[in-house]
Amino acid sequence: MNNKKVKTTQGRQKIDIKKIENISNRQVTFSKRRAGLFKKASELCILSGAQVAIIVKSPGRRTFAFGHPNVDSVIDRYLAGNNSGAAALQPCFASSHPSEFNEHYAQISKELEFEKKRSTMIEESKLAYGGGLWWDEPIDGLGLAELEQYAAALEELKKNVAMRADELMLVKAASVPSSMFAMNPNVSSDGLG
């Protein structure tokens with residue numbers, strides 16, 4: 001019996017670096033390679049704090065660009081011959097020292113562990129109260145002093161929730177990459193019109 005599997009695809013193969021003659025294949029290759037190029041440039045920016053600008057014109061005559069902190073500032077700095085450029089860095093990349101990034105990562109990791117423990121404690125307290133939390137309990141039988149304490153506790157909870165929501169929104173806003181875009185206004189960042 002012959003148990004050899006027949007390959008259905010060609011897989012990864014080494015290609016000759018020359019112009020691709022088939023227009024459709026050329027466009028597909030351009031799209032994939034452009035995405036890879038922009039990804040590598042982004043990684044370079046994140047890892048080293050470098051400022052990068054890439055402008056690419058597709059075979060279909062569309063212009064695509066990637067820049068960190070943005071294309072205009074990097075090109076302006078290049079054309080002006082100004083090599084300082086520290087003011088143009090985004091706040092999260094203001095320092096290119098890996099130790100500071102590592103410290104920030106350690107701090108965030110500790111906060112994550114704390115939040116996980118807190119979540120576990122909240123789940124345990126839910127079980128202790130029969131599946132609900134203190135604010136889910138009926139307030140019909142409470143006296144004036146207890147209602148005042150309850151209202152104060154609710155205000156404190158509201159303040160804490162608002163602060164936490166603001167923190168999460170700031171973290172989310174800081175993590176969204178805004179430096180990858182297409183220069184044509186009618187073209188999205190993936191190059192599709």
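Modeller: From the N terminus on, the elements run α-β-β-α-α-α-β, giving 4 helices and 3 strands. This is a predicted model, so to speak: local features need pLDDT of at least 70 and side-chain atom pairs count only at pLDDT 80 or more, while totals for chains, interfaces and linings use all residues. Residues are numbered from 1 along each chain as its sequence is written, and side-chain values use heavy atoms, with hydrogens and water left out.

Biologist: What makes a stretch a helix or a strand here?

Modeller: Both are DSSP runs, numbered from the N terminus: helices are H or I over at least four residues, strands are E over at least two. Strand S3, for instance, covers residues 180-182.

Biologist: Why is Cys45 called buried?

Modeller: Buried means under 20% relative accessible area, exposed means over 50%, and partly exposed is in between, using a 1.4 Å probe and protein chains only. Cys45 has 2% relative accessibility, so Cys45 counts as buried. Cys45 lies in helix H1, and its C-alpha atom is 9.3 Å from that of Gly67, 22 residues apart along the chain. Over the whole chain, 17% of the 193 residues count as buried.

Biologist: Which residues make up the largest nonpolar core?

Modeller: There are 9 of them: Phe30, Phe38, Ala41, Cys45, Val52, Ile54, Val56, Phe64 and Phe66. Helix H1 (23-48), strand S1 (52-57) and strand S2 (63-68) each give two or more residues to this core, and the largest share, 4 residues, comes from H1.

Biologist: And what makes a set of residues a nonpolar core?

Modeller: The set must be buried Ala, Val, Leu, Ile, Met, Phe, Trp, Tyr and Cys residues joined through side-chain atoms within 4.5 Å. In soluble globular proteins, nonpolar side chains tend to be buried together.

Biologist: Ser58 is in the loop between S1 and S2. Is Ser58 buried or exposed?

Modeller: Ser58 has a relative accessible area of 5%, so Ser58 is buried. Leaving aside neighbours within four places in sequence, Ser58 is in contact (heavy atoms within 4.5 Å) with Phe30 and Phe64.

Biologist: Which residues of helix H2 are buried?

Modeller: In H2 (residues 71-80), Val71, Ser73 and Val74 are buried. Just after H2, Gly81 takes a positive phi of about 75°.

Biologist: What is the mean pLDDT of the chain?

Modeller: pLDDT is the predictor's confidence in each residue, from 0 to 100. The mean for the chain is 76, and 76% of its residues reach 70 or more.
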